[in-house]
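Please consider the sequence and the coordinates shown below.

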Amino acid sequence: MSEIWRTPSLEGKWKDGKGHVVLSVVPYYQRVWVDMRMHNMEREGTSHTSRGFRLTIGQAENLLGQLAVAIDKAKEEEEKNKRKGDE
């Protein structure tokens with residue numbers, strides 16, 4: 001496993017340092033996968049959980065553009081909600 005990125009989770013039961021979101025490259029079943037998974041930090045050391053996914057290199061490449069679209073939509077929604085709250 002080659003870890004690329006790690007950040008503490010801000011979601012529900014995993015916040016407050018209980019879990020980290022980890023992006024890595026993993027060889028598995030004669031393929032190389034891009035893996036994004038929650039790691040449980042409450043156990044001794046760090047341990048993978050079943051909360052995550054693996055993508056082929058092609059799937060990960062296709063995800064890049066769609067991720068930018070999702071981020072833009074999320075920002076728009078957040079701004080819309082903020083404006084509603086200011087009224």
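The following paragraphs describe the fold and selected residues in turn.

The structure is a predicted model, in which local features need pLDDT of at least 70 and side-chain atom pairs count only at pLDDT 80 or more, whereas totals for chains, interfaces and linings use all residues. Residues are numbered from 1 along each chain as its sequence is written, and side-chain values use heavy atoms, with hydrogens and water left out.

Secondary structure is taken from DSSP runs, with helices (H or I) of at least four residues and strands (E) of at least two, numbered from the N terminus. Two strands are regarded as paired if DSSP finds at least two bridges between them. On this basis, four strands form an open sheet in the order 1-2-3-4, with antiparallel pairing. Strand 1 (2-8) and strand 4 (47-55) stand at the edges with a single partner strand each, so one side of each has no neighbour in the sheet. From one strand to the next, the twist averages 25°; axes are lines fitted to C-alpha atoms, for helices over the stretch in contact, and angles run from 0 to 180 degrees between N-to-C directions.

Strand 2 (residues 19-28) pairs with strand 3 in the antiparallel sense over ten bridges. These two strands form a hairpin with two residues between them, and Tyr-29 in the turn has a positive phi of about 50°. Strand 3 (residues 31-40) also pairs with strand 4, in the antiparallel sense and over six bridges. Asp-35 of strand 3 stands opposite Ser-24, and its bridge partner in strand 4 is Arg-54. Val-34 has Leu-55 in strand 4 as its bridge partner.

Met-36 is placed in strand 3. With a relative accessible area of 25%, Met-36 is partly exposed; buried means under 20%, exposed over 50%, and partly exposed in between (1.4 Å probe, protein chains only). Not counting residues up to four places away in sequence, Met-36 touches Trp-5, Val-21, Val-22, Leu-23, Gly-52 and Phe-53, where contact means heavy atoms within 4.5 Å.

Helix 1 (residues 57-86) lies across strand 3 and strand 4, running at about 80° to strand 4. Ile-71 is found in helix 1 and is partly exposed, at 41% relative accessibility. Together with Leu-63 and Leu-67, Ile-71 forms a nonpolar patch on the surface, with about 240 Å² of accessible area in total.

Which charged side chains are linked in a network of salt bridges? A salt bridge is a side-chain nitrogen of Lys or Arg within 4 Å of a carboxyl oxygen of Asp or Glu, and a search of the whole structure finds five. Asp-35, Arg-37 and Arg-54 are linked in such a network. Within it, the side chains of Asp-35 and Arg-37 meet at 2.9 Å, N to O, and both residues are buried.

Lys-80 is partly exposed at 38% relative accessibility, and Glu-77 is partly exposed at 39%. Arg-83 and Glu-79 form a further salt bridge at 3.7 Å, N to O, and they lie four residues apart in helix 1, about one turn of the helix. Arg-83 is partly exposed at 46%, as is Glu-79 at 38%.

Methods:
Patches are made of residues with over 30% relative accessible area and no salt bridge: like charges are joined within 9 Å, nonpolar side chains (Val, Leu, Ile, Met, Phe, Trp, Tyr) within 5 Å. Accessible areas come from the Shrake-Rupley method with a 1.4 Å probe; for residues, only the protein chains shown count as cover.
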